[in-house]
Amino acid sequence: MNHTTAHDTPVPLVLAGARGHGRWHLENIRRLADKGIVRLAGVCELTPLGADEIPDGLGTPEQSADFGALLDSTGAAIAVICTPIPTHTDLALAAAERGVHLLLEKPPAPSYAEFRRMADGVAAAGVVCQIGFQSLGSHAVPAILKMIADGLIGEVTGIGGAGAWARAEGYYRRAPWAGKRRLNGVDVIDGALTNPLAHAVATGLALGDAGRAEDVAAIETELLRANDIESDDTSCVRITTAHGGRITVAATLCAENPDEPYNVVHGTSGRITFWYKQDRVLVQRAGHGPEEIEYGRTDLLENLVDHLVDGADLLVPPDTTGAFMKVVEAVRTAPDPLALPAGTWHRLPEEDRRVVDGVDALVTAAADTLALYSELGAPWALPDAPAKEVGT
């Protein structure tokens, strides 16, 4: 980072939600604090962190369960919000009305209306908001977009996404909102596509140059579950873009053999596969040997500071996640996920998890063919399962 001497003081920030995924943010904040870029001024948690929960080098930040009061007393310039999904909008607006800039964890909101309320409120307040889709900080994304523009794989015929992950049954007991579609009358929408594998959806949309709400023409969903939960753990979505493109993402948290999630861009004369957690790209095209490239990645909190201090382009402003939020809305308004019938899944007692038989091949096939589970002949996906939702 190239900070001019006028900006050599670390930017004070507050972290809201420092347990669970928040621990990753604590470590990242420590990394940036070591570089002199930020200073952890406060932590907002319902139960204060113990000394052993604060990484060395972060000192003793002020702690409070009152987010607004903490922002006021610390004079924070940035708030990192990593709290349960239904709390995002109100916390973001509380920061915005105090002139505090934001890194807001994904998914930004549980419904499109809540997303609009957040994004419009933040814009009106004149603060900057970065949405925490870390994969969109990968240097692979602009590189792939350039390959597409240069015609490297011919005409793009569609984009797939595949996420075959495993989650123990205990994963759904880690928090009251886990695995819920609603809690106490409030939308949560904690499903495979909208939370753990949200990056597969958001990255697929980015590679299709279809990140904004108006880029979506129609959305089809198939939502199923093997676990005893409200939300989906095995699902797929097909997005038709405003310019006629197709993006199909298939996900499961009940994989037979969990693997790295990826997106794949299909072209008339080749394909580009992007393992987005690893910033790894494989280019396969007619008349050439396969080429594998590893890219760097810009950290989104670092990019936010760079934007505020040096005017660097912000990588993930709210509007670029509007299409993703249209997918969240389609999942929210779809019929409740179908329970998979007995005999289509089994339990692995040693791993405390449920496995859907044959799901790995289906996830791969959906990303390869852009077809939905029901169209691929999945025995448990009923032909009338897809919920057709026409975008606005």
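**Salt bridges across the chain**

By the rule applied here, the structure contains 27 salt bridges, a salt bridge being a side-chain nitrogen of Lys or Arg within 4 Å of a carboxyl oxygen of Asp or Glu. Side chains of opposite charge can pair when their charged atoms come close. The structure is a predicted model, in which local features need pLDDT of at least 70 and side-chain atom pairs count only at pLDDT 80 or more, while totals for chains, interfaces and linings use all residues. Residues are numbered from 1 along each chain as its sequence is written, and side-chain values use heavy atoms, with hydrogens and water left out.

One of these pairs joins Arg-19 and Glu-45, whose closest N and O atoms are 3.6 Å apart. Helices (H or I, at least four residues) and strands (E, at least two) are DSSP runs, numbered from the N terminus. Arg-19 is partly exposed, with a relative accessibility of 27%, whereas Glu-45, at 16%, is buried. Here buried means under 20% relative accessible area, exposed means over 50%, and partly exposed lies in between (1.4 Å probe, protein chains only).

Attention now turns to Arg-31. This residue forms a salt bridge with Asp-299, and the closest N and O atoms are 3.7 Å apart. The pair links distant parts of the chain, since Arg-31 is in helix H1 and Asp-299 is in the loop between strand E16 (291-294) and helix H7 (300-310), 268 residues apart. Arg-31 also meets Glu-302 in a salt bridge, at 3.6 Å from N to O. Because Arg-31 lies in helix H1 and Glu-302 in helix H7, this pair ties together parts that are 271 residues apart in sequence. Arg-31 counts as partly exposed at 34% relative accessibility. Asp-299 is buried at 9%, and Glu-302 is buried at 9%.

Salt bridges can also form a network: Glu-169, Arg-173, Arg-347, Asp-352 and Arg-354 are linked in this way.

Thr-83 is buried, at 17% relative accessibility. Apart from its neighbours within four places in sequence, Thr-83 is in contact with Ala-16, Gly-17, His-88 and Leu-91, where contact means heavy atoms within 4.5 Å.
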